[in-house]
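I opened this structure for the first time today. These are my notes, in the order I looked things up.

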Amino acid sequence: MPTPLLEVQELRTWFSTSSGIAKAVDGVSFNLNAGETLAIVGESGSGKSITALSLMQLVPEPAGYIESGRILYGGKDLLDLTWEQMRSLRGKDLAMIFQEPMTSLNPVMTVGWQIREAMEVHGKYRGDEARQRTLSLLDKVGIRDPKQIVKQYPYELSGGMRQRVMIAMALSNDPKILLADEPTTALDVTVQAQILDLLANLQKQLGMTMLLITHDLGIVSRVAHRVAVMYGGQIVEQAETKQLLSNPQHPYTQGLIASLPTRARRGEDLYTMEGVVPAPTAWPVGCRFAARCPRKWELCERVIPDVYTAEDGRPVRCHLYSPTELDKTKSPAEVAS
Ligand SMILES: Nc1ncnc2c1ncn2[C@@H]1O[C@H](COP(=O)(O)OP(=O)(O)OP(=O)(O)O)[C@@H](O)[C@H]1O
Ligand SMILES: [Mg+2]
């Protein structure tokens with residue numbers, strides 16, 4: 001059995017908005033096992049970033065708040081820690097890299113200063129040791145001339161280089177868990193592939209545990225051991241990457257895979273999923289995917305599905321896998337009529 005390093009249980013992160021409470025993350029549970037990469041995938045607005053920010057306790061306040069749930073790490077619930085305790089954990093135990101590095105790099109400080117500063121804050125590496133480590137980290141993330149780069153400012157670097165610097169900074173205090181939120185979306189395709197390979201190699205080399213967030217199911221096979229698919233603030237299916245891609249069970253996962261552009265390149269028909277994710281201020285009463293689901297039953301719009309066990313034991317939130325609730329003797333059309 002894999003050892004969970006982090007256990008997220010029934011996490012709910014909500015926002016007070018002028019149109020009501022936005023239940024952005026609404027009952028998310030998953031384990032992050034030591035030494036694995038888990039990808040969270042899902043369309044825009046499904047709650048991926050807010051899940052990651054909740055783990056770091058960096059949800060934008062005061063509108064956003066963690067309504068309930070548990071985030072267990074090292075036998076403790078992170079939600080019980082004080083602000084000070086959580087601050088000392090950030091960077092050292094849990095580090096995060098973001099989609100757009102320019103927003104997290106300081107434009108008026110050199111790259112070298114910023115990486116050293118990230119270390120000095122925690123006091124694990126200081127002075128000359130921090131200086132040496134900065135060079136070796138830049139080398140590790142594939143930067144060819146670290147001595148030159150440390151003297152430069154973020155705006156002098158390309159997007160790919162900046163993302164490498166961000167990764168070096170995230171690794172600077174040897175985090176146990178790296179959260180990477182769309183780390184390659186802002187980059188062009190070739191650089192994207194390089195950065196993903198870099199992350200996969202670092203994860204292996206350092207035995208790190210990684211949570212990779214992406215809206216692109218096409219990239220997960222390159223990096224992730226397991227995948228959790230998010231829809232409407234919830235996880236709808238979790239499985240090993242290979243099984244998920246070759247044999248998706250939830251109609252939403254099936255739609256995501258059928259609409260992958262790589263299929264069109266292979267000459268297969270490309271599927272377009274109609275409709276959009278509903279607003280988090282007004283989740284439907286039944287299944288949140290029902291309005292878009294090609295396999296829906298009458299029941300689906302009335303009753304929210306639980307998480308059921310589907311093929312190979314994987315958890316799937318869909319009535320199709322309910323042992324009892326669905327009258328499987330009738331076709332969806334008969335039920336609807
Ligand atoms: N500051 C905020 N105030 C109100 N609602 C918010 C706020 N931030 C996020 N939300 C809501 O939470 C939901 C989930 O947002 P989140 O950023 O987690 O989506 P995502 O899955 O990361 O999408 P993307 O792929 O676009 O990054 C969104 O529908 C958004 O409306
Ligand atoms: Mg996001």
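**Ligand 1**

I began with the shell around ligand 1, where α1 gives the largest share, three residues. Helices (H or I, at least four residues) and strands (E, at least two) are DSSP runs, numbered from the N terminus. I am reading a predicted model, in which local features need pLDDT of at least 70 and side-chain atom pairs count only at pLDDT 80 or more, while totals for chains, interfaces and linings use all residues. Residues are numbered from 1 along each chain as its sequence is written, and chains are lettered from A and ligands numbered from 1 in the order in which they are written.

I listed the surroundings of ligand 1 and got 17 residues; the closest are Ala24, Ser44, Lys48, Ser49 and Ile50. A residue is near a molecule or strand if its C-beta atom, placed from the backbone, lies within 6 Å of it. Two or more residues each come from β1 (4-17), β2 (20-33) and α1 (48-56). I sorted the shell by class: seven nonpolar, nine polar and one charged. Ala, Val, Leu, Ile, Met, Phe, Trp, Tyr, Cys and Pro count as nonpolar, Asp, Glu, Lys and Arg as charged, and the others, Gly among them, as polar.

**Whole chain**

I counted 13 helices and 12 strands in the protein chain. Its radius of gyration is 21 Å, close to the 20 Å of the globule rule for 337 residues, so the chain is as compact as a globular protein of that length. That radius is taken over C-alpha atoms, and the rule is 2.2 Å times the number of residues to the power 0.38. The C-alpha trace spans about 75 × 50 × 45 Å along its principal axes. Of the 337 residues, 40% count as buried. Buried needs 20 or more other C-beta atoms within 10 Å of a residue's own, exposed 12 or fewer, and partly exposed lies in between, with C-beta atoms placed from the backbone.

**Helix α8**

I checked the length of α8 (residues 189-206). Its 18 residues should span 26 Å at 1.5 Å a residue, and its end C-alpha atoms are 26 Å apart, which agrees. The expected span is 1.5 Å times one less than the number of residues.

Which residues of α8 are buried? I found Ile195, Leu196, Leu199, Leu202 and Gln203. Down the axis of α8 they fall within an arc of 125°, so they line one face of the helix. The arc is that of the directions from the helix axis to the C-beta atoms. The face turned away from the buried side carries exposed Thr190, Lys204 and Gln205. The buried residues pack against β3 (37-41), α7 (159-171), β7 (177-181), β8 (209-214) and α9 (220-223). Contact here puts two C-beta atoms, placed from the backbone, within 7 Å. Just after α8, Gly207 has a positive phi of about 60°.

**Thr253**

I found Thr253 in helix α11 (residues 251-258). Thr253 is buried, with 24 other C-beta atoms within 10 Å. Leaving out residues up to four places away in sequence, Thr253 touches Val229, Glu237, Leu244 and Pro248.

Most residues other than glycine have a negative phi, and most peptide bonds are trans. I noted a cis peptide bond from Glu61 to Pro62, with omega near 0°. Asp174, not a glycine, has a positive phi of about 50°. Asp174 sits in the loop between α7 and β7.
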